Amino acid sequence: MKNTSKIGRNDPCPCGSGKKYKKCCMGKQAASPVDIKKRYRQKYDIALKEPKDIEGIRAAGHVVIQSLEIVEAELKAGMTTEEINTIVHDHAIKNGAVPAPFNYRGFPKSVCTSVNEVICHGIPGPYVLKDGDIINVDVTHIYNGYYADASKTFFIGTPGPDAEKIVKVAAESLKAAMEMLAPDHTIGDIGWAIQRYAESRKCSVVREFVGHGVGFEFHEPPQVPHYGKKGQGVVLVPGMVFTVEPMINLGKSRLFVEDDGWTAVTADGRLSAQFEQTFVITEDGFESLTPYSL
């Protein structure tokens, strides 16, 4: 994947410095085309994906979205989070996929189920869903060696005003991030857009957990914070595949992790919501490899 097109004065310098071309390598003698794939691997340890890899991640994403759709159709008050785990696990196995969370660094289940004040990494178990709850279901599958990752937050029964607000703000935060997904934007632009929107709605952004590269592994570089400054961080280029997964709290951003070592909970006990998709940067924008309506 070589960038041999003409470079404009105000374009990011192909050397990977993050500076504009006119302020970096423009005018330097014998400037040669840069192998962007090699440069990003050497400088950032980012593995840019080839078209065949993107097809593989898209296929994995299809199984992930099917799992979320089946869960959404079955969710109801009186259901346990363990039942959600069974649905996701069985659907993956039936379709030739492997649930990536199972035994990942000791995680004991096949999916994360995060209810109400749980921010992320909730472990399925005996908890019985109640009318008015919200639940984030976070699914990652491995299919033919490729990983894809997505999550949605769902209402159980009739939501209260706080639940309606936080779920809407989390969804809109992901939409704000998607407006930044294009070549020559930066990782910082993504976090800036999320933080700007969420805080304008008097909500807070969780900082301890971030989006990440995905595809060949569950978690790859780059990290994708959901807060930041415009123009900072790695420049986005075609072939980058990563998740954006803003975790938005109704109250303060402080959290603690429970004794199980996984379950992250808001310190003030207020609601948290999250939406996540896996994206690839294309020549003229982006594509979601785990698409669903927001």
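# Notebook: charges and rings

I started with Lys 23, which sits in the segment before α1. This is a predicted model, so I keep that in mind throughout. Lys 23 comes out exposed, at 65% relative accessibility.

Glu 117, Glu 258, Asp 259 and Asp 260 form a negative surface patch. I picked Asp 259 from that group and found it in the loop between β11 (255-257) and β12 (264-266). Its relative accessible area is 86%, so I logged Asp 259 as exposed.

**Salt bridges**

I counted ten salt bridges and went through three of them.

Arg 41 pairs with Asp 45, with 3.1 Å between the closest N and O atoms. Arg 41 is partly exposed at 43%, and Asp 45 is partly exposed at 42%.

Glu 220 and Lys 49 also form a salt bridge, and here the closest N and O atoms are 2.7 Å apart. Glu 220 is in strand β8 (residues 220-224) and Lys 49 in the loop between α1 and α2 (51-74), so this pair ties together parts 171 residues apart in sequence. Are these two buried or exposed? Both Glu 220 and Lys 49 are buried.

Glu 287 belongs to strand β15 (residues 286-288) and Arg 58 to helix α2, so the bridge ties together parts 229 residues apart in sequence. I have Glu 287 as partly exposed at 28%, and Arg 58 as partly exposed at 25%. I also noted that Glu 55 joins Arg 58 and Glu 287 in a network of salt bridges.

**Aromatic pairs**

I found six aromatic pairs in the structure. One of them is Tyr 40 with Tyr 44, edge-to-face, at 5.0 Å centre to centre and 65 degrees between the planes. Both tyrosines lie in helix α1 (residues 36-44), four residues apart, about one turn of the helix. Tyr 40 is buried at 4%, whereas Tyr 44 is partly exposed at 23%.

I then checked Phe 279 and Phe 286. Their ring centres are 5.6 Å apart and their planes at 80 degrees, so this pair is edge-to-face. Phe 279 is buried, at 0% relative accessibility, while Phe 286 is partly exposed at 31%.

My last entry is a cluster: ring pairs link Tyr 104, Tyr 147 and Phe 218.

Notes:
Residues numbered from 1 in each chain as written. Predicted model: local features only at pLDDT ≥ 70, side-chain atom pairs only at ≥ 80, totals over all residues. Heavy atoms only, no water. Patch = residues over 30% accessible without salt bridge, like charges linked within 9 Å, V, L, I, M, F, W, Y side chains within 5 Å. Areas by Shrake-Rupley, 256 points an atom, 1.4 Å probe, with all protein chains shown as cover. Salt bridge = Lys/Arg side-chain N within 4 Å of Asp/Glu carboxyl O. Lys, Arg positive; Asp, Glu negative; His and termini not counted. Charge placed at Lys NZ, Arg CZ, Asp CG, Glu CD. Helix = DSSP H or I, 4+ residues; strand = E, 2+ residues; numbered from the N terminus. Buried < 20%, exposed > 50% of the residue type's maximum accessible area, 1.4 Å probe, protein only. Phe/Tyr/Trp six-rings, centres within 6.5 Å; stacked < 30°, edge-to-face > 60°.
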